[in-house]
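Please look over the model shown below. A short report on its chains, helices and backbone follows.

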Amino acid sequence: MAMIPKGLEKQLNTLDFALSSLWRRKLKNLGIMMVFSLVIFLLGSFQMLTGALTSSADAVLENTPEITIQKMSAGRQEAIPQTYIKKLNSIYGIRAIIPRVWGYYFDESTLANFTVLALDHNAMPNGSKLNLTLSDGHFPKKTETGTAVLGGSVQDILELGDRRVFSLFRPDLSLKSFQVVGIFSKQTDLLTNDLIVMNVDDARDLFAIPTSHVTDLCVYVANPTEIETIAKKIAGLLPDTRVLTKSQIQKTYQVVFSWRSGFASICLLTALVAFAILAWDKASGLSPEEKREIGILKILGWETGDILAVRFWESTLVSALAFIIGCTAAYIHVAFFDASLLKPVMVGWSVIHPPFKLLPTVTLADLLLIFTFSVLPYLGATVIPAWRCSTVPPDSAIR
Amino acid sequence: MLIELKDTTKIYNQGKPNEVTALSDVSLRIEEQTMICLQGASGSGKSTLLAIMGCVFPPTSGSAAIAGKQLSRMPDRFLTIHRRETIGFIFQQFNLLPRLSVLDNITLPLLPLGISPPERKARARKLMEHLSISHRESFPAGQISGGEMQRVAIARALINNQPIILADEPTAHLDSRLSMEFMQIMADLKKEGKTIIIASHDTLVSEHPAIDKIINIKDGRIHVP
């Protein structure tokens, strides 16, 4: 049989004693582990939900135009004449200007609110990449009227099943039919779940917008460092418009998630502090029985470091198990139960949308963050008082 | 000389308002393979003397040499190492961990030495057999009789084969039959070469034929009647 080095054998002995010590106080340790798992579950759910939301937003915003121009009148948005495109031809650095029609369609029978979007995706730089956002089919071509691409829950809400045809009402209540030629993938659910993409002419027809107008103009710029300059030039040339850059739209999303995540962070940090106090109080081994045990071990020749190693192993085992249970439960909560406990806090506005499915993203950085904010404070909260306790003189056992 | 104390003094809380002199200028010499009975009233300094001889703490002044090593100015860590190599303790309350098995209690001093589980078990089983407690091996220590607890405590004190055994009021919780049995085990251990120091009021101990010397402590000093 291979010889185990003394140092390793000593650590194995310490681990063995720590396991038996945990077992001897199983009720107390089980209670601590349950509370700890709950805290990690909340922290993990929150982290995975934020990750899912931001990665979904980032994926879709990737295809957002560098500059969006909207016509404003009395502080409200209105249709923009396509003739404005000609006015912008003089600006050097613009790669493409694509007219876009978008709006909301309220379906009275299902009480759902859909977003309708129409543009010629082939005219967009890298427009072919947009097909990657589809799980199936293709986007309507410029001349392909009467066709549409649907977001995940539009298909469900309209109860299409295997059917590929649906109808929407025009403002005069006449029906307009569409053939489904594509479905968005789940990964883009955050922004495409309620989306119906169609040909520009079909969208004008559906919303009764004059053929010479669109709702906004999408501007693509050749050099990304020129975006702000070009946006200023556009705003100067078209004073009755609102000029939005991609970074401004991204910031809007970040702000929406940031204040919510900040609020949730404060709640969770409060829970963590409360747990640290509980851990300090309950897991620090300061009960008379544990103090006596430490005194006995010290007089039997255990060094302070040996006793500390036992407490360290105990805390590591409890926190590692709580970490695994908490993170697994958080993943199940976000992936299979749609983060139902935290979603109302983080995605409050989703009540006006059809529901969307979250795909949790778990990165090593997320796990390290959860570990840093949960396991490390727990180790500190248990090992430091244990160290203070283990420095008591051993004669307490013989008095 | 296994134990040699010279002008040993121990002052607790030195320089503070609650300063107490527990031992004052105690000098004694204990040779190998002897059995000593330490007597004295409660608060006489008996436990402090036992603690110094047990390498629990060094004296405040004077010298204390245990198994060839001076305790004065010895750092706490080296005191601990010297204690586990030299001293086996038997306590009045037995000081077993009640929820740990008899076997695990006996092997406790071996865990920090990095001794493998098979060797630990082998050593403990040999002692359990010698002390007739093998049938209690897997019992929780809190669920065995007082006499058996005493034997477990003896086995634990012997597990690392230390040359000195210190026993503090070992028969206080035993009836006379068990007390006699305990003294017989100690007498056998003395024959095997151990040096045994027993702090006790019990006449069954002080009058036992294996006792070589009785030391009386009074007000922190060795009292010669």
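This is a predicted model: local features need pLDDT of at least 70, side-chain atom pairs count only at pLDDT 80 or more; totals for chains, interfaces and linings use all residues.

Residues are numbered from 1 along each chain as its sequence is written, while chains are lettered from A and ligands numbered from 1 in the order in which they are written.

**The two chains**

Helices (H or I, at least four residues) and strands (E, at least two) are DSSP runs, numbered from the N terminus. A residue is buried if 20 or more other C-beta atoms lie within 10 Å of its own, exposed if 12 or fewer, and partly exposed in between, with C-beta atoms placed from the backbone. Two residues are in contact if their C-beta atoms, also placed from the backbone, lie within 7 Å.

Chain A holds 12 helices and 13 strands. Chain B holds seven helices and 10 strands. In chain A, 84% of the contacts between residues at least 6 apart in sequence join residues at least 24 apart. In chain B, residues 24 or more positions apart make up 70% of the contacts with a separation of 6 or more.

**A helix pair in chain A**

Two packed helices are described by the angle between their axes and the distance between the axes. Axes here are lines fitted to C-alpha atoms, for helices over the stretch in contact, and angles run from 0 to 180 degrees between N-to-C directions. The axes of helix 1 (residues 6-24) and helix 10 (residues 304-335) of chain A come within 9 Å and cross at roughly 60 degrees. Helix 1 of chain A is therefore oblique to helix 10 of chain A. Angles under 35 degrees count as roughly parallel, over 145 as roughly antiparallel, 65 to 115 as roughly perpendicular and the rest as oblique.

Helix 1 of chain A contributes T14(A), L15(A), F17(A), A18(A), S21(A) and L22(A) to the contact. Helix 10 of chain A contributes D306(A), A309(A), V310(A), W313(A), E314(A) and L317(A). By class, these residues are eight nonpolar, two polar and two charged. Ala, Val, Leu, Ile, Met, Phe, Trp, Tyr, Cys and Pro count as nonpolar, Asp, Glu, Lys and Arg as charged, and the others, Gly among them, as polar.

**Helix 9 of chain A**

The buried residues of helix 9 of chain A are E293(A), I294(A), G295(A), I296(A), L297(A), K298(A) and I299(A). Just after helix 9 of chain A, G301(A) has a positive phi of about 105 degrees.

**Two positive phi values outside glycine**

L111(A) has a phi near 60 degrees, positive in a residue other than glycine. L111(A) sits in the loop between strand 4 (94-107) and strand 5 (112-119) of chain A. Is L111(A) buried or exposed? L111(A) counts as exposed because it has 8 C-beta neighbours inside 10 Å.

N95(B) has a phi near 50 degrees, again positive in a residue other than glycine. N95(B) sits in the loop between strand 6 (87-90) and helix 3 (102-107) of chain B. N95(B) counts as buried because it has 21 C-beta neighbours inside 10 Å.

**Where the chains meet**

In the interface, 23 residues of chain B are in contact with 25 residues of chain A. Helix 1 (46-53) and helix 2 (76-86) of chain B each supply at least two residues of the side that touches chain A. Helix 2 of chain B gives the most to that side, with four residues. That side of chain B has 12 nonpolar, five polar and six charged residues.
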